[in-house]
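These are my notebook entries on one structure. I set down what I looked up, topic by topic.

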Amino acid sequence: MAVSLPLFESIAPTGTREPLAPGAWLLRGFALDAAAGLLAEIERIASSSPFRNLVTPGGKTMSVAMTNCGAVGWFSDRRGYRYTEIDPETGRPWPAMPGSFMKHAHDAASAAGFENYAPDVCLINRYEPGTRLTLHRDHDERDRRAPIVSVSLGLPATFLFGGLARKDAPRRVPLVHGDVVVWGGPSRMRYHGVLPVKAGEHPLAGARRYNLTFRVAR
Ligand SMILES: O=C(O)CCC(=O)C(=O)O
């Protein structure tokens, strides 16, 4: 049954910084103030480059719907995982990264100890109830010195934060609207994923979870 969630639900007090591993931090509620603006930008981006369910090189359709903004975008089909300058579905460049996205990612990285962060891509994930992201590493980026900054909006989820080997048991991290996870340095290549999102209704995002994943790809 769907549950109604309070607008500012959080687990630890907003503003706390929890270490997850060396170089990995959970910034509780870091995006709360910016959240409504970020969601409006997601809608604008998706009106140019719509959400779509990508196909893996092995031929499976991903349950999470994705789009991108920035100089490049992450894409997958039977030919492989890669970054492209042109959205293959529209034939146009990916929408530019909004200034508010750039500032938010920069400030979150800085709060986690990574200065001068300038991502060139933001992968936007949209989760419907029941959808999940299996354990994986972000390894399509040429420059892996920069961290990943990951912003959660809408419905809550359980984030799996694993080790450097796939077999390492992942830690289960509950994430709610406004939480930001940053992982870089010795944690940059850790496995991570998301358990199936539970049904619910969020006042700003409806029956959905969105995730912004900022990366330096080139
Ligand atoms: O949705 C999330 O919290 C994580 C997203 C993710 O792992 C990815 O896009 O690589």
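Which residue forms a salt bridge with arginine 218, the closest N and O atoms being 3.1 Å apart? I found that the partner is glutamate 85. I take a salt bridge to be a side-chain nitrogen of Lys or Arg within 4 Å of a carboxyl oxygen of Asp or Glu. Glutamate 85 sits in the loop between β5 (80-84) and α2 (99-111) and arginine 218 in the segment after β13, so the pair ties together parts that are 133 residues apart in sequence.

I noted the basis of these entries: the model is predicted, local features need pLDDT of at least 70, side-chain atom pairs count only at pLDDT 80 or more, and totals for chains, interfaces and linings use all residues. Residues are numbered from 1 along each chain as its sequence is written, and side-chain values use heavy atoms, with hydrogens and water left out.

**Entry on salt bridges**

I searched the whole structure and recorded 15 salt bridges. Arginine 218 also forms one with aspartate 120, where the closest N and O atoms are 3.8 Å apart. This pair links distant parts of the chain, 98 residues apart, since aspartate 120 lies in the loop between α2 and β6 and arginine 218 in the segment after β13. I then looked up accessibility, in which buried means under 20% relative accessible area, exposed over 50%, and partly exposed in between (1.4 Å probe, protein chains only). Aspartate 120 is buried, at 14% relative accessible area, while arginine 218 is partly exposed, at 45%.

I recorded a further salt bridge between aspartate 77 and arginine 82, with 2.9 Å between the closest N and O atoms. Both of these residues are buried.

**Entry on strand β13**

I use helices (H or I, at least four residues) and strands (E, at least two) as DSSP runs, numbered from the N terminus. How many of the 7 residues of strand β13 (residues 209-215) are buried? I counted 7 of the 7, so the strand is largely enclosed by the rest of the structure. Arg209, Asn211, Thr213 and Arg215 point one way from β13, and Tyr210, Leu212 and Phe214 point the other way.

I next looked up the partners of β13; two strands pair if DSSP finds at least two bridges between them. Strand β6 (residues 121-127) runs antiparallel to β13 and is joined to it by 7 bridges. Strand β8 (residues 148-154) pairs with β13 over 6 bridges, also in the antiparallel sense. Leucine 123 has threonine 213 as its bridge partner in β13, and valine 149 stands opposite phenylalanine 214.

**Entry on threonine 213**

Threonine 213, found in strand β13, counts as buried at 6% relative accessibility. Its side chain is joined to that of asparagine 211 by a polar contact of 2.6 Å. A polar contact is a pair of N or O atoms within 3.5 Å; within protein, one must be able to donate a hydrogen and the other to accept it, and residues adjacent in sequence count only if both atoms are side-chain atoms. Leaving aside neighbours within four places in sequence, I found threonine 213 in contact (heavy atoms within 4.5 Å) with residues including Val121, Cys122, Asp138 and Ser150.

**Entry on the open sheet**

I traced 4 strands in the order β7-β12-β9-β10, forming an open sheet with antiparallel pairing. β7 (133-136) and β10 (171-175) stand at the edges, each with a single partner strand, so one side of each is left without a neighbour in the sheet. Strand β9 (residues 157-161) is joined to β10 by 5 bridges, and threonine 158 stands opposite proline 174 in β10.
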